[in-house]
Amino acid sequence: MENLLELKNISKIYGGLKALDNVSLNVRKGEWLAIMGPSGSGKSTMMNIVGCLDKPSTGEVFFDGKDVSKESGKKLTELHRDKIGLVFQQFHLINYLNAVENVMVAQYYHSMPDEQEALEALERVGLKDRAKHLPSQLSGGEQQRVCIARAIINSPQLILADEPTGNLDEANENIVLDIFRRLHKEGTTLVVVTHDPEVGEVAQRIVRLEHGKIVSDRENEHFTD
Amino acid sequence: MFFRMVKGTFIRQKKKLLMIALTVALGASIATAMLNVMLDVGDKINEELKTYGSNITVVPQSSAVISKLYDTEEEDDDAQTEYIKEEKVGELLTIFWANNITDFAPETDTTVTLNNSEVGLVGTWFNHKLEFKKKGSVYTRDTGVINLRSWWDVESGTMLNEQAVSGDKYAMIGRELAEEKNIKAGDIITVSRDGRNEELEIIGVFESGDDDDNMIYTTLSVVQRLTDTVGYIKKIEVSAITSPEDELAIKAAKNPSLLSGDEYDLWYCTAYVSSICFQIQEAIPEASASAIRQIADSEGKILEKTELLMSLITFLSLIGATLGISNLVTSGVMERSQELALLKAVGAKNGQITFLVLTEIIFTSILGTIAGYFLGYGFAQIIGHSVFSSGVEMSGMVAFIVSVLIIFVTLIGSIPAIRMLLRLRPSEVLHGGH
Amino acid sequence: MNKKRKMFIRMIVASLVRRRSRMIVALLAIIVGATILSGLGLIYFDVPRQMSSQFRSYGANIIIAPESDGDVSYEKLQKSITYFPSNELEGYTPYRYENSKIHNMPVTLAGTDLGSVLKTSPYWHIDGELPAKNGEALIGAKLAESLGISKGESVSTVNTFEITGEMESIDIPDYEKYTDPETGETHCDHTLDLTISGILETGGSEEEYIYISLEDVEYLTLSKRGYDIVEVSVASIKDKLSEYTEKISKDIDGIKAKLVKRVTASESSVLSKLQALVFIVTAVVLVLTMICVATTMAAVIAERRREIGLRKALGAFNSSIVGQFMGEGLLLGAVGGILGSVLGFLFAQYVSQHVFSSPITFRPLLIPITIVASVIVTGTACLMPIKSAVEVDPALVLKGE
């Protein structure tokens, strides 16, 4: 299968500290990949580089066959606007915009705001009836679902989730994972960064990071489609 | 632990607290500068109003009334006029409000013959060095008409400087008279009266815009010799800084003895023109002092208006300053809701959190207020020097008012934020992202 | 594009409306700044005019006198008065001085327009009333004391005419003629009975005169003539005053108008200090207020760094974020400017009514100036924190560091 993302000998150095040390990783199109590891293992750095929010100190990043590690900031902005959907642990909803408006913000920067489409995205995460609520009126799980709706609205090639269930209880965690499953079936490439085994173990492929290096990379034998 | 928490927030929130301190400092500096200027503006404008000349005249108790307008009547004046002893002039500086007396000059006027026609001659002090006794010590003070006739334009020659010339045979002449008699600066004229003659050198020609343009001004001693009244004077012009008249002053002006004891004390210890006149009469019993209404009333009116104007402007700027401060305190505290919610989540009680927040804010405000006070001092001095060419007197009261105001405003500004904090549920904030 | 603009407006409106408390904080700061600018601005420009009329309590600042011997005729006075703009002219009072006798003592009578005298001498203290009709008189306190006259008394002023050969032929039956035994001249006495309506206290030379109406003077002296001097009170600056006096002296023969230097010179010096005071106070307060507005705006922006980071992560270009936040800031600036200029006008009006008891001169130009200034100040205050906020790496902000 074709690679969507190729990381070649990536290192990232903050001050004197090596957050990532000569890491190489390929992500295939349509794959559901979990990146796991304890805190300080370099997960967040990995996530930033995969999401094109940051550039590696050395090494190359190919996205859809194109080398993006030397691109300018503006080109990178365009890239993660057009091809990547982000889901955060802290949700990061704009607190003065209601659910549907938060989704529309992503459309606004991507192409054209369309309330109907945004409502459909909310429907896909089961939140159509909460569309006019402000983030403060939504539960944590609901906020995270708005965040996912925002991530999928522009039909990205890659959805990148950073500890998506870190602030959620079990019931909400399951709802979120169900949505991921559905997205995976629809053919979306998913990269989930997490330290939670329950979230990691449902992925198709699991990569384990420690001290900035990949210590294991295996297909999940328990993966059920 | 508490102090470690406070210390912790100070280090972590350095920027935020610095901003609050900065705003408090700005607000405090506005308040300090404006209050000081407001409190001092009366004195400053009062000094400026001294350019209108004297506001009190002192004449002998029973001086004759009929005088000057018609020259013919001057002849028998001397017989009726009583005099004040010249040595008594220094007594002016012993009264309660002596520090408010900015200038004064004794005067004796008469009519003399100059080139076969009669002209008015005024003898006075120009810039006399007066020695006077107060509480047993001897002081000196420069005083005279130089400052009491600030509107004079010296058209040719110079103003007579008594201390720079030797002897007393000098004079200044009014413009119209000088033109009429064709007298220029540097000329020597002879004036005579009752067979006594004086030769005077004209030092300068002045334009006054009033009757003085037809007069000659000379040193007091010349006129005393001409009128044979050495050691005596006819009148003293006094320029004093006064407070605007109010009801008490009006009541007192009618008859001070009708005031109650307290009213009398208040009146006596306020720089009303009437109480200064009263004190002058106490110091020089043979004299009668009265306000020159044209000057004294107008001064009062203008002072009152200026002070009112300044106090309203001050009021507006205080509102501005307080709003600015309470604004920033509110938003500063609100911004930290997440951190404070964390404290709540780990079991801190509402009271403890409130105490923590208030301690930080008040400590920051105190630092800001101190900085702001000195900044405001600077602004007040800039205002004073650029407008009045003299510094603004700093009142200790202002420091007190400003600190109370700032503490009050800071607390008021913290109220909405603290109320919000107390309502806060930790889970919401920590999960809510913002 | 239309949908995009709609979303832009929707975001700004949502930000302003749903973040109400923060926006009110920022708006209040801007309103206070704008109020101070427009209020103090109006006062600053109006102070010379308002104060100038307060300074009229010093009385006349121009006098009109005959050029040489003679008098100022009624016609010439009327003509010269037209040289003063009517909105500046506070009043004018003509005086005609005559000698007379009361209780056989020589006195000076001043015939004047008793209706307008307080306009040019507002500092007169009158114990009693101003004369309301002919036959009443106001007497100076010193004169009253020396003559032993008190308020409410009636006195007679007597003018003595020498009857010359020519005059004897005139029939003057009302007057008692008598012959001076020493000189052999024939005289007649003309008497005017006066009721003293009030005693005048000024502390100045006015206390030595007795003031009556011009008609009474004409009756007593049996002669009609012009005025010895006219006092004029004009609320204007010194330069304009000297312009008026020069024109009058040049255009009208036989009279000259002069500035009362003591009043005009001192007034312009005090007035310029006062205006300078208001100016520098306005400047200092304004600068400090602007800094306050700037810090408030900076604080408001700073607390939205996370939102800025998120928008960047969603693919917003820096220019787009700056555009949105500036849109908010400028809108706030404009709204604050409009409200502030209205409040400033109300403040200036209150001050003017309260301090000077007259309405403030409305200067329409100050409204656009205030709005533009508050938009500019708010805009600049927003621009710098926004610029620095969009430079921040979104990854860092979103991690909550």
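In which sense do β4(B) and strand β11 (residues 215-219) of chain B pair, and over how many bridges?

Reply: Happy to. This is a predicted model, in which local features need pLDDT of at least 70 and side-chain atom pairs count only at pLDDT 80 or more, while totals for chains, interfaces and linings use all residues. Residues are numbered from 1 along each chain as its sequence is written, and chains are lettered from A and ligands numbered from 1 in the order in which they are written.

Your two strands, β4(B) and β11(B), run parallel, joined by five bridges. Strands here are DSSP E runs of at least two residues and helices are H or I runs of at least four, both numbered from the N terminus; two strands pair if DSSP finds at least two bridges between them.

β3(B) and β4(B) make a hairpin with two residues between them, and B:N115 in the turn has a positive phi of about 45°.

Two residues in the other chains also show positive phi. C:H103, not a glycine, has a value of about 50° and sits in the loop between β2 (89-102) and β3 (105-112) of chain C. A:E163, also not a glycine, has phi near 45° and belongs to the loop between β7 (158-162) and α6 (170-185) of chain A. Their surroundings are described by C-beta atoms placed from the backbone: a residue is buried with 20 or more others within 10 Å of its own, exposed with 12 or fewer, and partly exposed in between. C:H103 is exposed because 12 other C-beta atoms lie within 10 Å, whereas A:E163 counts as buried because it has 20 such neighbours.

Moving out from chain B, we meet chain C. Contact means C-beta atoms, placed from the backbone, within 7 Å, and this contact takes 58 residues from chain B and 59 from chain C. On the chain B side, α2 (14-49), β14 (287-291), α10 (293-335) and α12 (350-388) each give two or more residues. The largest share, 24 residues, comes from α10(B). By class, that side has 28 nonpolar, 22 polar and eight charged residues; Ala, Val, Leu, Ile, Met, Phe, Trp, Tyr, Cys and Pro count as nonpolar, Asp, Glu, Lys and Arg as charged, and the others, Gly among them, as polar.

Chain C also touches chain A, with 24 residues from chain C and 26 from chain A. On the chain C side, α1 (2-18), α10 (305-313) and α13 (394-398) each supply at least two residues. α1(C) provides the largest share, eight residues. That side holds eleven nonpolar, four polar and nine charged residues.

Finally, chain C as a whole has 13 helices and eleven strands. An automatic or database assignment sets its domain bounds: domain 1 (2-54 + 269-398) and domain 2 (61-259). The C-alpha centres of these domains of chain C lie 61 Å apart, and the C-alpha trace spans about 125 × 45 × 35 Å along its principal axes. Of its 401 residues, 45% count as buried.

Note on methods. Two residues are in contact if their C-beta atoms, placed from the backbone, lie within 7 Å.
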